[in-house]
Amino acid sequence: MSNAKERKHAKKMRNQPTNVTLFSGFAANRSVKHYGGGGKPAQTQKPESRSGSAQQQESKVTHHSLRDPDVNEQSSSKVTFRKKGGWKAGPEGTSQEMPKYITASTFAQARAAEISAMLRAVTQKSSNSMVFQTLPRHMRRRAMSHNVKRLPQRLREIAQKEAEKTVHQKKEHSKNKCHKARRCHKNQMLEFNRRQKKNMWLETHIWHAKRFHMVKKWGYCLGERPTVKSHRACYRAMTNHCLLQDISYYCCLELKGKEEEILKALSRMCSIETGLTFAAVHCLSGKRQGSLMLYRANQYPREMLGPVTFIWKSERSAGGPAGSRQLWIWLHPTLREEILEEIKAACQCIEPIQSTICTPNSLLTPLQEKSQTGLPDEKIVTKRKRKDDGENAKPVKKVFGNRTRDAHQPCSWSSPATGIVVSDLTMEMNRYRLIGPLSHSVLTEALKAAAVHTGEEDTEKTPHSWWIETCRNPDDVSLHHRQEAIFEMLGGITSPAEIPAGTILGLTVGDPRINLPQKRFKALPDPEKCQDNERVRQLLMEGVPVECTHSFIWNQAICQSVTENKISDQDLNRMRSELLVPGSQLVLGPQESKIPILLIHQPGRVTGEDRRGWGSGWDVLLPKGWGMAFWIPFIYRGARVGGLKEGLVHSQYKRSPNIPGDFPDCPAGVLFAEEQAKNLLEKYKRRPPAKRPNYVKLGTLAPFCCPWGQLTRDWESREQTQGESCVASSPNSEVGDSGNGEGPRAAAPDKTLQFSAEEPREPEDMDTECQGQAGTQPVRDQDAALGGLCVVRERKLLKQLSSWCGPSSGGSWVPRRAPGRGQQDLTRETCLSILSRFPRALVWVSLSLLHKGSPEPYTMICVPTKEDLLHLSQDRFYCGPQESKHSDPFKSKLLKQKKEKRRRRQTASLEGQAGEEPAAGHEALTQGLWSGPLPTVTSHCSRLLLGFVTQGDFSMALGCGEALGFVSLTGLLDILSRQPARERGLVLLRPPASLQYRFARIAVEV
């Protein structure tokens, strides 16, 4: 009999009692198997009280019935009983006589036990299924699960018993049976506030959580991308309509003090060679927003901290001390700790100041604070209905601001020597970004300037006394009307790209919830608002006047009052329901909230020669607590919402570095690279070796990280070993040398160049391990804590490199531009002077593919050989060369590791212990990844490595692949000097998981 039938028979007999033995042909053939599923043969159950003789005789019969294990199926079928007494089991069996007498009571008791065991086995369920599930499928009905009378009559009693069990009882409903009532529990706000202690929530978090994929980054819960497919829709919104983003997670640092002291302290952290500084004329007056790169004090061009934007408060403000200024510095949250400590050190701010503005629990009443702090987290999480505290009980308010900061932790520091006060205003304001040509229309449709109050209202009875006091001043009223006129004029301008970059406009608006439309519509420009051509021309040429940049949002006391006196949505909806004409305009009069805001123009794309002004828009600064009140009106005017992914696409199409991934010389960029590499390595190891690329055979040394430090060191050692200048005045004579030098390297990709063998590599090169590509140690060793690595940000040098690379428009081959005013030719002396100042430097470049191909991050930027350029000149549709497959030097080590692992596993299984881990000194190899010290990265493949891509994808604006990345300055000067003028700027791109090279044109963005 087959094993399947044996398992089927064993399953049928598993519930039989142990004292019942069933003899059949199958039982004889399967004598060593036991019906009960146990390890002992089935034996007849013996009662405790029985006579000795009967017990012995009965045991003999039982022993005989089970003693022959080798009886086959044919012999077992011939079991007979003969008159002369005795059992006979086949021709080879033995016989035994029947007992002469039995005890009736004992025999009946034994049979009764067998019958009860049989009945128990029949009535007992053998599975977890319900009674109605044992019926055939054609007899089942859905109502059987809750109505016993729908079952057959023979099963109703059993089903009734099952229904009475507590397991199948329905759970008891809470007192608030309505789902809506349960969500409106008092503890809901306390629960939301408790969940923000580790990762802060933006005010639009609940709205995003319902529509976006949320991620925990930088101490916040942020929306990464929409749940719907909207990649192209978001691009169309940025190009033709309006895209809305919540960037309130950006941090704000405030500096107060004398202008001279602030400029003196901050001048050591920036350089005029990179562009405008804090002392720029338009920025210092408060008319424009500025942007710059911050470095550690007196460490330019190395030890970079990160990019920031800044705003000076205009000098019009009254009531402050003479010469006192106020400065806001906006930065990414990953840069906050480093920059804050450096600014405090530069300004000598060491004394903390206790401030009530930054206290996260400032919106709670004293009774609520006491009840919240007195209860542990478990008590706050509970879903039970809490008892009322009596007449003093008040509803719990939503807490705004930074919930992760300790209430006793200072957020302001002062300096007795300089008189400067540094404050951390993180999460004290909301910042929304509107991108696209219709951002003007969305703003003017959603926001309306606040109405000017007359002197009839009583200041004490209105919650907005600050606005009434402002309206009593004729100068302030005149300024408000001027700001309102400029704001209305923006509604007729076609695109924000026409406005001067960084323009600032202050304004006080009414409650945007009052003007909320019934249906969503798309706001469009209104040309009638631009009838005054002279004023429009003045606005487009000079921007907003300095006095119109004034805003009450600079006053923290007024912002706190605006936040506390906000009318709740519940009260606003109640007032709407009491209107005589439903749907009519709600007029609140003096009770309407007045919100000070600040509009900051974002210039969009400012580099390159094509698509200038693309992605421009406006940033809106709001007091905290008013996030959703402005968010919903913007959406109702046709704005599409984007997340972090859309922000990355926006920076990629602007060809600007993304924070923090595109700043390899910044501590935040190094940390980001470590985390990114760690995640990619874990994802790579989760796949089996047959379903993932073998990067060793593909010639990719670092598929999950960019070894910038080793790349710059290899190019530096290459130039030193060659013994001659990396540039020459005659490029035609050098191209042949480059092509001849590259040919033999293709045959031996694992060997380094000759100059690498002559000059020993530096010790830090040997510390770089690719096996832990995603670990923290490799990236830290490569960049050596950013000791010798820097990125060229000197604008004069970047313009010089851009002119040498040629125009960056499209993919057309145009000869390079002639040197402009103050620019030099590409000569040996020029390159030597550049390399003397920047020996190990990277250059930010953009790349456009000539033909098909879509680059991706970590794509290698390589130098084409003479044969590649010749082939391309002969066939303009030539896609590019291919890299030959490399040999795997770790194949034998991997086989040895597998055998060792299998041997340890067998040894552990024999000893009954878990498998031993490999020794600490011998790290386990990963198939497909390079292990141990990296060889020379520049010459590992047949084409010299020039740099890596950090952002790359198919560009819907250009219709071809576009990439952004960094290249070595030494290598860039080398290829520019060797290539002819008509082929200058051509490079090769190869993804890490491919052998195909693609031609691309390189350009330096300025």
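H10 passes H23 in a right-handed crossing, meaning that the near helix is turned clockwise from the far one by less than a right angle. This is a predicted model, where local features need pLDDT of at least 70, side-chain atom pairs count only at pLDDT 80 or more, and totals for chains, interfaces and linings use all residues. Residues are numbered from 1 along each chain as its sequence is written, and side-chain values use heavy atoms, with hydrogens and water left out.

**H10 and H23**
- The axes (lines fitted to C-alpha atoms, for helices over the stretch in contact, with angles from 0 to 180 degrees between N-to-C directions) of H10 and H23 come within 11 Å and cross at roughly 55°.
- That angle makes H10 oblique to H23; oblique covers whatever is left after under 35 degrees (roughly parallel), over 145 (roughly antiparallel) and 65 to 115 (roughly perpendicular).
- In contact (heavy atoms within 4.5 Å) are His-231, Cys-234, Tyr-235 and Met-238 of H10 with Glu-646, Val-649, His-650 and Tyr-653 of H23.

- Helix H10 (residues 231-240) has Ala-233, Cys-234, Tyr-235, Ala-237 and Met-238 buried, that is, under 20% relative accessible area (1.4 Å probe, protein chains only).
- Their cover includes strands E7 (243-246), E15 (429-435) and E19 (640-641), plus helix H23 (644-654).

**H18 and H19**
- Helix H18 (residues 474-490) and helix H19 (residues 533-542) have axes that come within 11 Å and cross at roughly 90°.
- So H18 is roughly perpendicular to H19.
- Ala-485, Ile-486, Met-489 and Leu-490 of H18 make the contact with Arg-535, Val-536 and Leu-539 of H19.

How values were computed
Helices (H or I, at least four residues) and strands (E, at least two) are DSSP runs, numbered from the N terminus. Buried means under 20% relative accessible area, exposed over 50%, partly exposed in between (1.4 Å probe, protein chains only).
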